Structure formats: structure tokens, C-alpha cells
Amino acid sequence: MMKFKTFFAFVAPSVFMMVLFIALPLVSVFIQSFQITQPVMQQMEVETCTPGFITQTCVTEIKTIPTIGEDGKVITTTEWVGFESYRNVLQMDKVWEAVASGNVKDILQIDFWKALRFTLMFTLLTLPLVIGVGLLIALTVNNAAKAVRGPVIFISLLPFIITPVIGSLSIYWLFVGDGILTAMMERWTGTNISMFAQAWTIELLMYFYRVWHVAPFAFIIFYAGLQTVNMDTLESAVIDGASRWERLRHVIIPHLMPLIVFIALIHLMDCYRVFEEIIGFRSQAHVISLQWLTFDFLTPDDAGNRAIARASASAMLTMIGIVFLLILPLRRTWRDHKGSAH
Amino acid sequence: MSTSRAMRQSLALRFSSSAFLIFWVVIASFPILWITVMSFKSPVDAFADNPLDVIMGPNTLSRGDGLSVIDIVLGLAVIFFTLRWMFTRLPGWIDSYSPAGLKVLGWVVGAAVYAIAFLVVFFGILPLILGPLNSILGPLGEPFLGLTTQHYVAVWGENEFYRNFGNSMLVTAGVVTISLTVGTLAGYGLARSGSDLAFWLLILALIFRALPHSVLVAGYLPWFINSAEILRPIFGDVSPTLYGQPWAVIAVLVAINQPFTIWMLRSFFQNIPAELDEAARVDGCSHFQAFRRVIMPVMWPGVITTGLFSFLLGYNDFLVTSLLLDAQNQTMVPAIAGYFNRETTTTDQVEAVAAAVSITAPLFLLVMVFQRQIVSGLTAGAVKG
Amino acid sequence: MMLKKLALAGVISLMGTSAFAACSYQNETEVKMLSAGFEAWKAVTDAMAECGNFQAELDQEFRTKQPAAFEASPSLYHLGGVSNGTITPLLNAGTIRPLDDLVAKYGQNLTPNQLIRIDGKVMAVAMMVNTQHLMYRSDILADLGIETPTSWSEIYLAAAKIKEAGVMDYPLGATMKSGWNLAQEFVNMYPGHGGTFFNDDNTTAVNSDAGLKALGTLKAGLPFMDPEVLVSDSTYVQQQFQQGKIAMANLWASRAGAMNDEAESQVVGKVAMAAAPTAMVGGAPATTLWWDGIVVAANITDAEADAAFRLAMEGIDTDMVTANNDAAIWLVNGFVPGPLSQGAIATATANPAPPAYPSTTQMGLLHTALGNEIPAYLTGERDAAATLVAIEEAYTTAAKEAGVLQ
């Protein structure tokens with residue numbers, strides 16, 4: 001067992017970096033979610049002259065502009081507003097209204113709930129797919145002849161290593177408009193298909209992209225796991241007359257269980273902050289995710305406004321969600337920890 | 001092993017299993033192959049809706065850029081042998097030429113030399129041979145497949161993409177080295193300390209890993225831009241503006257990458273028997289000495305695997321690099337996104353595709369070189385939950 | 001052959017970096033600039049680079065970075081490229097300097113039209129105007145005997161005819177990518193129906209009759225548009241035109257040049273330009289006028305500002321315009337309006353003229369609210385009235401947070 005001092009010396013550099021670049025920003029986000037900082041505005045009559053073609057047009061109007069202080073910076077006030085930003089994001093009044101009037105579907109018109117619905121569905125639907133497909137590839141590669149394994153592993157890893165922005169664009173181009181795969185499907189079915197015209201087809205493509213992108217990661221880890229399956233156990237299972245399926249269920253899967261938990265954990269975290277797909281597939285009109293919502297609040301408009309308070313609130317809500325999702329796999333890790341430590 | 005009864009398979013199983021594998025290989029490689037094809041065509045062909053037009057490139061051909069049968073046969077032959085030797089002969093050469101103990105370095109140098117040799121042969125020697133050959137052979141020498149390298153020339157020449165390449169290499173190298181150095185220490189500490197504090201640190205790291213990056217990154221921007229002003233009371237006039245500094249971005253990426261790194265390495269170190277370093281400690285070594293003498297020699301498989309994941313993160317990052325670097329220090333991924341801005345042209349888009357294929361190439365090499373290490377590193381236990 | 005091309009490219013790139021021949025003087029002070037990255041900016045910054053010691057950052061994320069970068073002390077950039085939308089945060093924070101003395105010193109070549117005056121002080125120098133205008137396939141319209149449409153109802157009639165004739169399934173293109181682009185379509189349509197965006201107390205006035213009409217006109221076009229129109233931005237519409245897939249679109253003037261780009265376009269010489277269509281009888285063309293121009297940072301020394309402004313004047317001089325005449329509707333002396341710019345000029349000089357895009361804090365907030373709420377209306381999840389209420393609510397929440405509403 002290590003002394004605390006030694007332990008601290010080992011982990012200090014890592015902890016320092018995480019505190020500086022993750023924990024501190026997180027604390028400030030937490031604080032900002034209960035505050036609103038705004039410039040002190042004043043009304044002023046301003047004459048603005050802008051170019052037309054050939055001659056200028058000048059307009060005089062009353063504009064609301066921020067006050068600039070002695071030091072040349074905009075004067076701002078910061079107010080504690082309690083849960084107001086959370087209320088603005090959650091819009092619970094509308095939720096209850098929708099429930100009361102029986103139009104539960106109306107809840108999905110509120111950005112946060114719309115994003116939550118997609119994010120959760122995306123996370124939970126792709127999870128079994130990624131594990132299933134990854135396992136299937138690992139088993140088939142493991143069954144394949146030694147000579148083809150190298151090249152197959154290499155090709156299988158491509159979707160995982162490719163830069164996500166480029167990977168999602170490469171799939172977007174195959175399907176957008178009369179992209180070649182859409183054109184091919186149109187020829188087969190004889191109907192006009194538009195993959196990016198309605199929510200469900202876009203979602204389908206997003207699921208496909210995510211599984212395509214992440215299944216290789218699951219595959220390579222399962223494949224590594226398969227190399228350490230105890231051959232004697234397998235042999236004795238064969239002698240006991242266990243079918244291939246029974247061997248898979250009772251020997252191989254239990255052996256891979258820690259890896260399945262590991263992949264599930266990583267996948268839950270990565271999926272829950274789904275973002276690249278929204279940008280890559282330009283799905284904002286139909287489908288949005290929680291991280292995209294935060295990103296959208298933070299993106300300044302032309303006039304430089306950012307909804308920092310609502311962004312912070314939505315980020316904190318996202319955090320709470322991920323803690324809930326992680327509780328199950330983490331309980332297992334806790335038991336392992338207790339088991340190994342004492 | 002092949003005689004093992006457990007591995008014996010029925011014909012039906014073997015058939016369906018290889019059918020699935022072929023299906024998967026096609027799906028895995030098709031989008032990437034397709035953008036590669038697009039990058040060699042004129043804009044009209046690249047975005048044509050008939051797949052045959054994209055492949056054959058009639059518009060590209062009509063502008064005088066094309067390949068003849070001879071070009072293709074010889075070109076494919078060169079590519080085939082390059083790939084084949086990469087798997088069969090390259091490892092042997094590297095083994096025999098690299099000094100003992102520096103095998104990793106040998107691989108890196110060997111792969112680079114090999115890649116350069118290929119480029120020289122393919123783009124330097126081959127065209128010289130093919131020019132006269134095409135004019136002799138009549139119809140066989142007649143170009144029929146439209147193909148142009150103009151977009152690559154534009155990207156690497158006019159747009160000076162090699163600068164972005166250099167920046168990417170700098171950032172990635174920094175991220176990999178620092179995160180492995182910091183991460184191995186922490187991973188070892190966590191693996192050998194059974195305290196609850198260690199456990200909660202890990203859980204906290206996990207939650208940090210789950211954070212949406214856009215939240216963090218937007219928080220950095222004002223601090224990075226104003227850092228000279230903020231740090232002036234402490235460091236005086238030498239205080240730097242962090243915005244646009246590659247090493248500041250490296251620090252951010254290392255921090256973001258730490259949770260994953262320490263989880264991977266902790267599991268790996270847990271699988272190295274604690275008796276090993278305890279024995280060293282009995283001999284009078286401190287924890288650090290034990291780490292250096294006993295653990296360091298056996299940790300490389302796990303470190304290489306973890307390092308590859310760090311490499312991918314640093315190399316592929318878009319959010320952090322696009323927001324915190326300026327044009328002079330921009331890495332490749334945000335530079336590519338720059339081709340897709342509000343006012344762009346189809347030519348820009350095909351150039352972006354060419355750039356995208358270019359940045360995928362080093363990843364190709366990397367996986368080819370380290371493929372075995374990934375599997376063996378993972379097998380050695382870097383991922384035991 | 002390939003080798004020769006590579007060598008040639010190398011030579012060209014060398015020439016680009018080392019020759020200062022085209023500049024009338026040698027710039028000695030280091031100058032940095034941050035702007036958007038479209039064609040016109042490339043032309044201007046290339047011309048400036050010829051004088052040496054100049055670094056331009058042409059960045060699509062410039063909106064995110066510019067306000068913060070100019071607020072730093074010293075400012076990270078000396079020059080900024082802005083439009084009437086993006087100048088607002090710089091003006092509000094006071095991070096750009098008045099240019100009157102510099103204009104007097106170096107601005108002999110400028111026309112009064114180029115000087116953006118706020119309360120009498122020159123705060124920016126405009127170099128080009130931009131607006132949406134009608135682009136149409138003159139060959140298709142001529143074949144079917146359709147007159148050039150001047151209003152949206154005529155456009156829809158023409159689109160119906162083209163569709164009926166079986167020439168195209170979706171004759172109309174539109175920049176309706178949800179978010180900024182779609183909001184801009186509404187911002188064009190709404191004043192075209194006579195609407196005003198704000199009341200005197202800064203509350204929004206879009207929840208009105210004109211708002212309903214504007215939404216109605218937008219939706220009426222959907223049957224003639226590609227079903228994927230909610231992902232289509234200007235580049236996509238431009239490509240659809242170039243590939244001969246659409247016959248008409250109300251598109252940015254800065255995109256006109258691409259129609260005759262032989263390397264990309266299959267419709268060279270077939271696309272004509274006309275004034276942006278009107279939304280109601282006797283109304284102004286349903287569009288907004290934009291300008292792009294250069295500002296100088298406040299947080300730099302006067303000597304740096306002097307050098308930066310001189311360099312900027314070199315970038316937007318007549319030589320640059322002559323060399324890049326079709327890249328934009330330039331305001332600079334020496335611009336020769338070609339056939340491609342006729343539509344934009346007709347739009348800008350129409351009577352009544354379309355309004356300039358308002359550069360106010362409120363407009364930025366409203367633009368975001370529009371971009372987020374209108375998609376639900378176009379996909380049919382919500383009716384027009386409910387959409388306008390949602391826009392109003394979204395704006396009100398944001399405006400309270402930004403401090404423009406109490």
C-alpha cells in the first residue's frame with residue numbers, strides 16, 4: 001500500500017491539469033448558471049450613415065446601446081437570479097400546460113426536451129448496436145484465416161481513426177440531395193427519396209454513422225479480449241457437448257464482461273455529448289442534442305450576444321443527466337474496487 | 001491451435017461468417033474510398049449524381065487529365081507491391097537496421113523512409129517512364145479514366161497546407177508525450193493505491209470525461225485572449241498571450257485527455273503483479289525507483305496503445321484547436337473546416353476533400369505500423385474495466 | 001506531366017510569398033487582420049500582403065473571436081473585416097477607433113459613399129455591398145415564354161409552369177438552412193410585407209399581420225423546392241444552380257460570379273440576374289442591404305493604426321478592384337458593373353429601396369430566435385400563429401438576459 005504522500009506525488013501533475021482546465025471552468029459554469037451578467041444599457045439618439053449604391057442613406061434613430069465606463073470598458077452588472085436560467089431552459093410551465101391539456105407531444109417542441117429525447121434515444125439505441133456489431137466483427141475476425149486477419153483489422157479500424165468531422169461529411173455527401181447512395185435507393189424503389197427532409201431518416205443516418213464510427217473501437221477491444229479466452233475451458237465445454245451458442249453465452253461473454261462494461265461506460269459518455277453529427281448532418285431543423293443546445297446558447301450572434309446564463313444552466317442539466325446514466329456501470333466499478341482493496 | 005476442436009467450424013458457419021466480414025469490410029471502407037475517388041476529379045465530376053461519372057470522370061478527362069490502361073496497370077502494381085512489402089518485408093528491414101532498445105523509433109523512421117520512397121517512385125520515377133511508354137503503345141496509351149491531382153497541388157502548394165501539417169504534428173507530438181508522461185505516473189499511483197481517495201479521483205475523472213467540451217472551451221476563450229493582461233501583475237512584461245499558442249492548446253488537450261489516459265493506464269498497471277515492485281522495494285528502492293527500474297521496462301505495450309488514443313485525440317481535435325489557435329498556428333482539421341465557410345465554391349469543397357484525404361494518410365500509416373502493438377497492448381490488459 | 005505541375009505550383013507559391021512588386025510602398029510595421037473568408041476578402045488581403053509584414057486570418061469563426069480579440073489590450077489584431085451585422089459588438093464595446101484623421105491622410109481614393117458614419121464620426125470604411133437578388137435560368141424562362149418575375153407571386157407562378165412543363169421537379173432554390181440562413185430569409189420577407197421588427201420599447205413586433213404573411217410566403221415556396229431545403233445554404237444553392245438542378249433563387253449577389261465559372265458550372269452564360277422580387281404590390285424588394293468593410297482597433301498605438309490604415313487603403317485600391325472586378329459589387333472607384341451585378345444594382349436602387357440590415361443588439365437576438373423557431377413551422381409541427389408567439393417568447397427571454405428589456 002502506498003503512503004498518501006507518495007500517492008499524491010504520483011498523481012499531482014495529472015490532478016493539477018484536470019483542476020486547472022476542467023474543474024475550475026466547471027465551477028465557474030456552476031456559478032454562472034445562477035447569475036445573469038448584463039451590460040448597463042442606455043437609450044441614445046444615433047445617426048447612422050450606410051452605403052447604398054451610388055449614394056449614402058443616413059437614418060437617425062433611438063438605439064439601445066451599452067454604457068462605456070471611465071476605463072473604456074462596458075459597464076456590466078451581475079445579479080444572482082436563483083433558478084431563473086434553469087426555468088428558462090426547462091420551461092416547466094409549458095410542460096405542465098402540455099400535460100394538462102393532454103397534448104404530451106407538445107413538450108417536444110421545447111428545445112431542451114426535444115434535445116433530451118434525442119440524446120437519450122441516441123445513447124440508449126446505439127449502445128447495444130455498438131456492442132453487438134463490435135462483438136460480431138471480433139468473433140468473425142477471430143474465426144477468419146490468419147492470413148486475412150491483418151488486412152481486415154486494418155480496414156475495420158479505418159472508420160474509428162478517421163477524423164470525425166470528415167467521417168460524418170463523407171457519409172453526408174453519399175446521401176444528401178441526389179448523392180450516389182440516395183440515387184441508388186431511388187432506382188431500386190422507384191420513388192423519390194430525400195434522406196434529409198424528415199427527422200426520422202436523418203436520425204437513422206446518425207445512428208448508422210455512430211455505429212460505423214464506434215463499432216471498430218468495440219471490435220478491437222473485444223478482439224484483444226478474445227485472445228485471452230482460456231482454451232482449456234473452451235475445450236472442456238466442447239467435451240461436455242456445449243453448442244457454439246452455449247459456449248459463447250457461458251464462456252466467452254462472461255470472460256468479456258469487464259470489457260463490455262468498459263465499452264458501455266465510454267460509449268455512454270461519448271454518445272451523451274453527441275454533437276458532430278448535428279453539425280455534420282445539418283440536422284438542427286429536425287433533431288438537436290443537449291451539447292448542441294449548449295453550444296447554440298454560447299455561439300454569439302452577429303451583435304455579439306451570448307446566452308451565457310442559459311448555456312451554463314443547460315450544461316449543468318447535461319451534467320446531472322450523465323451522472324444518472326453512469327451510476328449503474330459505476331456501481332460495478334465500486335464493488336470491484338472494494339473487492340480488490342480490502 | 002488450428003487443430004483445436006473448439007475452433008473447428010462448420011461450412012455454413014464459415015460461409016456466413018466470411019460473408020458478414022466481407023459486408024463489414026465494404027461498409028467500413030466505402031465512404032473513405034469514395035471521398036478518395038472524389039478528390040481526384042474535377043468539381044463537376046466529383047459531385048455528379050451518377051456514380052459512374054464520379055468514377056470515370058468524363059469532365060475531368062475532357063480537360064486533358066486522364067490515365068491510360070498502362071498508367072493504371074503500372075500504378076496499381078507499384079501500389080500493390082508497396083502495400084505487400086509493408087506487411088511482409090518492412091518489419092524485417094526495420095528489425096535488422098534499428099538499434100536494440102529503440103525499436104519504436106526504428107519503426108517511425110522506417111515508416112517515414114518507406115513513405116518517402118513510395119512518393120518518389122510513384123510521383124517522380126513512374127511519370128518519367130510512362131510518358132514515352134504511352135506514346136509508343138497507341139490505344140493502350142490513350143487516357144480513358146479522368147483523374148487529376150490539381151486539388152492536391154492546390155492544397156499543398158498554393159494553400160501551403162504543409163504549414164498546417166507541421167502545426168498538427170507539433171500539437172499531436174506535444175499531446176502524446178505530455179499526456180503519457182503525466183498519465184503513466186498518475187495511472188501507476190492510482191493502481192498501487194487502494195485508498196478510497198484514489199477511487200473517488202477516478203470517478204471524478206470519469207465525470208470530467210463526460211463533460212460536453214463546448215462548455216469548457218468557450219470558457220477558455222476570454223482568459224486565453226486576455227492572459228497577457230491578467231498575468232502581468234505576476235510575471236511582468238514577459239507574460240504571454242495564450243491565444244494562438246500551440247503549447248497552450250497542448251495543455252488543454254492533455255487535460256481533456258487525462259481522464260481516459262489514467263483509466264487505461266491504471267487498468268494496465270493493475271495487471272502487472274504488485275509483487276514485482278514490492279520485491280524491488282524490499283531491496284531498498286523508493287516507489288519512484290521501483291517505478292523506473294521495474295515497471296518502466298514492462299509498461300510499453302500499454303503505453304503505446306494509450307498513446308495511440310492520445311494521438312487520435314490530438315490529431316483529430318476540432319473544437320479546441322479551431323477556437324484557440326489563429327491562422328498562423330492552425331492545425332489541419334480546422335483548416336479543412338475553413339474551406340466550408342459561408343461563401344465557398346465547389347472547387348473549395350473538392351479541395352477540402354483532397355485535404356481530408358491527405359490528413360487521413362498519416363493515420364493510415366500509423367495504424368499499419370502499430371496495428372500489432374494495439375492488439376497486444378490491449379490484450380496485455382489495458383482495458384480490464 | 002505531374003512532376004511539371006508540381007514544380008510549377010512550387011514556383012507560383014514562391015512568387016506569391018516573396019514579391020512585393022505590386023505594392024506602391026514597403027510596409028515596415030507588423031499588421032494583423034481578422035475577417036471573414038469569402039472571395040472578396042481573399043482579394044483584398046492578398047493585395048495587402050504584397051506590401052509585406054502583413055498577416056491575415058480569414059476565418060469562418062471570426063464572429064466568435066473578433067469582439068474578444070479586439071477587447072484585449074493590446075488588441076490581437078490591428079484591422080478587422082466587418083459587415084453591418086458584425087460591427088455592432090465592436091461599436092458597443094468601443095473597441096474600434098474613429099478614422100476621420102486617417103481618412104483625411106490616406107483616403108484620397110475613397111468616395112463619401114464608402115465612409116460609414118456613426119454620429120458624424122467615420123467608424124468603418126466600406127468596400128462592397130451585398131444583397132440578395134433574383135437569379136434565374138434565362139434559357140428555361142425564355143423557352144416557356146415566362147417574363148422575368150418581379151414579385152414572389154410571379155415567381156411561384158413561374159415555378160409552377162416550369163414544374164408542369166416537366167423541365168424540373170424542384171425549380172426553386174432557397175437558402176433555408178435552419179439557423180442563420182433561414183432567419184435571414186424571414187428578415188428579407190418581413191420588411192417586404194411592410195413589417196417593422198421592433199416597437200419603441202424594444203419589444204419585438206414580428207407577431208403581426210406582416211409576420212403571418214411573411215411566414216405564409218416562405219411556406220408557399222416549399223412545394224417548388226427540394227424537400228431537403230432546410231439543410232441548404234448558399235453554397236448548396238449555388239451548386240444546384242451550377243449543376244442545372246434549379247431554375248430560380250433569391251440568392252446573395254456575391255454568388256453570381258460562380259455561375260460563369262467554367263471549372264464548376266454546367267450553366268455558363270445561362271443564368272441572368274434581376275432585382276430581388278417584391279413581396280407585396282408597390283413594396284420594396286424583399287431583401288436587406290449589407291455592406292462589408294474595414295475597421296481599425298482602438299487598443300493599438302497611433303503609429304500602428306496609421307500603418308494599418310495605410311495598408312488597408314492599399315488593399316481596397318483601384319488596382320485590386322480592376323483585377324477582381326467580378327468578385328463583388330465593389331464600392332471602390334474603378335469598379336465596372338458587369339452583367340452579373342445588374343440584379344444587385346437594380347435591387348439597391350429600387351424605389352422604394354429595401355432597408356439596410358439593422359445593426360443593433362436587438363436584431364442579433366431576434367435573428368437567433370427566428371432561426372431557432374421557424375423550422376418547426378416549415379416542418380409542419382406548429383402553425384404560423386403559434387410560431388410567431390414562440391419567436392416573441394424566445395426573443396423576450398434572450399432580450400431580458402442581455403439587458404435590452406427590463
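1. Two residues count as in contact here if their C-beta atoms, placed from the backbone, lie within 7 Å. With that in hand, chain A: residues 24 or more positions apart account for 67% of its contacts with a separation of 6 or more. Bear in mind throughout that this is a predicted model.

2. Staying with chain A, have a look at the overall dimensions. Its radius of gyration comes out at 27 Å, whereas a compact globule of 342 residues would sit near 20 Å. Along the principal axes, the C-alpha atoms fill a box of roughly 90 × 70 × 50 Å. The chain has 13 helices and 4 strands, and 44% of its 342 residues count as buried.

3. Now chain C. Its secondary structure comes to 15 helices and 11 strands. The radius of gyration is 22 Å, close to the 22 Å that the globule rule gives for 406 residues, so chain C is as compact as a globular protein of that length. The C-alpha trace spans about 65 × 60 × 40 Å along its principal axes. Buried residues make up 59% of the 406. As for contacts between residues at least 6 apart in sequence, 72% of those in chain C join residues at least 24 apart.

4. Then there's the interface: 57 residues of chain C are in contact with 43 residues of chain A. On the chain C side, the elements that give two or more residues include helix 3 (62-71), helix 4 (88-93), strand 5 (121-130) and helix 15 (384-402). Which element of chain C gives the largest share of that side? That would be helix 14, with 9 residues. By type, the chain C side divides into 25 nonpolar, 23 polar and 9 charged residues.

5. There is also strand pairing across the two chains, worth a zoom in the viewer. If you want a place to start, Thr48(A) has Ile118(C), in strand 4 of chain C, as its bridge partner.

6. As background, most residues other than glycine have a negative phi, and most peptide bonds are trans. Against that, the peptide bond from Asn351(C) to Pro352(C) is cis, with omega near -5°. Pro352(C) is in the loop between helix 13 (342-348) and helix 14 (361-378) of chain C.

7. Two asparagines in chain C are on the phi list. Asn53(C) has a positive phi of about 55° without being a glycine, and it lies in the loop between helix 2 (39-49) and strand 2 (54-58). Asn202(C) also has a positive phi, about 75°, and is not a glycine either; its place is the loop between helix 8 (180-192) and helix 9 (209-220). Buried or exposed, what is Asn202(C)? It is buried, because 21 other C-beta atoms lie within 10 Å and the cut-off for buried is 20 or more. Asn53(C) counts as partly exposed, because it has 15 C-beta neighbours inside 10 Å.

8. Last one, back in chain A. Asn192(A) lies in the loop between helix 7 (180-189) and helix 8 (199-226). With 12 other C-beta atoms within 10 Å, it is exposed, because the cut-off there is 12 or fewer. Its C-alpha atom is separated by 9.0 Å from that of Thr182(A), 10 residues apart along the chain.

Definitions and conventions:
Residues numbered from 1 in each chain as written. Chains lettered and ligands numbered in written order. Predicted model: local features only at pLDDT ≥ 70, side-chain atom pairs only at ≥ 80, totals over all residues. Rg over C-alpha atoms; globule rule 2.2 N^0.38 Å. Nonpolar A, V, L, I, M, F, W, Y, C, P; charged D, E, K, R; others polar. Pairing = 2+ DSSP bridges.
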